[in-house]
Amino acid sequence: MTGKAARQEGEHRIAVYPGSFDPVTFGHLDIIRRAAKQFDKLIVAVLNNTSKNPLFSVEERTDLLREVTKDLSNVEIDSFRDLLVRYMRSRNAQVSVRGIRSVTDFEYELQMASTNRQLDEGIETIFMMTNPKYSYLSSSIVKEIAKFGGPVQDLVPPAVEAALRRKYGNEA
Ligand code: ADP
């Protein structure tokens, strides 16, 4: 892939935080808040991946993300179904942000970052370490608890909690 690599003087620093966000958790939100401080604009981009079997549709996931980030003025919510590096070029973004919780995350993320670098050298991946408070937290764990009607209020924002209850039909 070709194109201008590095950013130019005066250009806006635009980062993309890609992921499934099925659904967004306090762990994601922590990364979003911290990353938003480091860039002029942060695009949270929901991957429209047909090979996964998500609980929430892309539209539901983007709606929830919009709701929980509405106080962050430089955060935009979008979705994509393309190679990440190509999507990033189309959005004029130079940096991809990913969160790391564990050594397992690191190994997977290193592979992804190396692949993306191989596809497009102009794209940089930046890792942010999890807030230790949320180092165990994943969308899968949240879904597992919610499925059995367990408490998730310490794991996800209220709008997500309500959406989970509706999905699993335990409105209590
Ligand atoms: P993906 O399917 O791409 O892994 P996820 O929605 O599971 O999408 O995660 C998106 C990104 O957020 C990944 O980089 C993941 O490591 C990071 N992440 C997820 N949960 C947490 C958390 N609790 N703390 C920090 N980073 C997290």
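Helices here are DSSP runs of H or I covering at least four residues, numbered from the N terminus. In this predicted model, one such element is helix α3, which spans residues 84-90 and includes Leu-84. Leu-84 has a relative accessibility of 14% and therefore counts as buried, the cut-off being under 20%. Beyond its neighbours within four places in sequence, the residue makes contact with Val-16, Pro-18, Ser-96 and Asn-116.

Leu-84 also brings us to the annotated positions. An unreviewed UniProt entry assigns the feature "binding site" to Ser-20, Lys-52, Leu-84 and Arg-98. From this set, Ser-20, Lys-52, Leu-84 and Arg-98 are found in the lining of the largest pocket. Lys-52 belongs to a loop, the one that runs between β2 (41-47) and α2 (58-68). With a relative accessible area of 52%, Lys-52 is classed as exposed, because that term applies over 50%.

A polar atom of the Ser-138 side chain lies 3.1 Å from the backbone nitrogen of Ile-141. When residues up to four places away in sequence are set aside, Ser-138 touches Thr-25 and Arg-101.

Conventions:
Residues are numbered from 1 along each chain as its sequence is written. This is a predicted model: local features need pLDDT of at least 70, side-chain atom pairs count only at pLDDT 80 or more; totals for chains, interfaces and linings use all residues. Side-chain values use heavy atoms; hydrogens and water are left out. A polar contact is a pair of N or O atoms within 3.5 Å; within protein, one must be able to donate a hydrogen and the other to accept it, and residues adjacent in sequence count only if both atoms are side-chain atoms. Contact means heavy atoms within 4.5 Å. UniProt positions are given in the numbering used here, feature names are shortened, and annotations may be inferred rather than shown by experiment. On a 1 Å grid over the protein atoms alone, a cavity is a set of points where a 1.4 Å probe fits but cannot get out, and a pocket is an open set with protein on both sides within 12 Å along at least five of seven lines; lining residues have an atom within 4 Å of a point. Helices (H or I, at least four residues) and strands (E, at least two) are DSSP runs, numbered from the N terminus. Buried means under 20% relative accessible area, exposed over 50%, partly exposed in between (1.4 Å probe, protein chains only).
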